[in-house]
Amino acid sequence: MSKATRATQALEKAGIAFTLHSYAYDPNAERVGLQAAEAIGEAPERVLKTLMARVDGKPVCVIVPSDREVSMKKLAAAFGGKSAEMMKPSDAERLTGYKVGGISPFGQMRKVPTAIEQQSLAHERVYMNGGQRGLQVRLAPGDAQVVLDALVAPVIA
């Protein structure tokens with residue numbers, strides 16, 4: 001497994017301190033984020049999943065704890081929209097340039113507005129996808145918020 005991905009390169013270029021953590025990715029896992037948390041031995045609330053959605057038809061990225069679900073109503077409100085829906089996996093892959101299960105908020109092909117669940121910033125360090133299946137980056141959530149220029153909002157159900 002290559003440790004150099006667009007995500008890790010974007011973090012390095014931004015001068016963000018992070019560590020890499022590999023794990024055995026299970027393509028058959030019902031919930032990829034929870035499988036990642038278990039595989040690296042971390043609490044699910046510190047292993048964040050990256051989801052792609054649309055608010056009023058426009059693409060957005062949303063980052064939430066792996067054991068939680070996104071509230072579409074709260075997500076739409078966070079971006080000042082009326083409605084939100086999850087993006088189809090094929091559309092998410094095309095937009096980000098990453099495969100589902102390996103979608104990172106860092107180094108996506110096209111920058112889109114991003115929201116991070118506000119509870120996630122309470123942790124000293126969190127894990128986010130490193131740009132490929134089975135690779136997580138561990139970093140300060142505030143650093144992620146800054147480099148992504150992400151809004152912090154309550155977006156979980």
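Okay, so the second largest pocket in this predicted model holds about 210 Å³ of space. It's lined by 13 residues, and the closest to its centre are Pro105, Phe106, Gly107, Lys111 and Leu148. By type, you get 8 nonpolar, 3 polar and 2 charged residues around the second largest pocket.

Now, how do we spot empty space like that? Picture rolling a probe the size of a water molecule over the atoms, and you see where space is left.

On to the largest pocket, at about 630 Å³. Here 28 residues make the lining, and the closest to the centre are Val32, Lys49, Thr50, Leu51 and Val100. The elements giving two or more residues are helix 2 (32–40), strand 2 (48–55) and helix 4 (89–96). Which of the elements gives the most to this lining? That's strand 2, with 5 residues. The lining of the largest pocket splits into 16 nonpolar, 7 polar and 5 charged residues.

Let's zoom out to the chain. You can count 5 helices and 8 strands, and from the N terminus they run α-β-α-β-β-α-β-α-β-β-β-α-β. The radius of gyration is 14 Å, close to the 15 Å that the globule rule gives for 157 residues, so the chain is as compact as a globular protein of that length. The C-alpha trace spans about 40 × 35 × 30 Å along its principal axes.

Note on methods
Residues numbered from 1 in each chain as written. Predicted model: local features only at pLDDT ≥ 70, side-chain atom pairs only at ≥ 80, totals over all residues. Heavy atoms only, no water. 1 Å grid on protein atoms, 1.4 Å probe; cavity = no way out; pocket = protein on both sides within 12 Å on 5 of 7 lines; lining within 4 Å. Points joined across faces, edges and corners; volume = space filled by probe spheres on them. Helix = DSSP H or I, 4+ residues; strand = E, 2+ residues; numbered from the N terminus. Nonpolar A, V, L, I, M, F, W, Y, C, P; charged D, E, K, R; others polar. Rg over C-alpha atoms; globule rule 2.2 N^0.38 Å.
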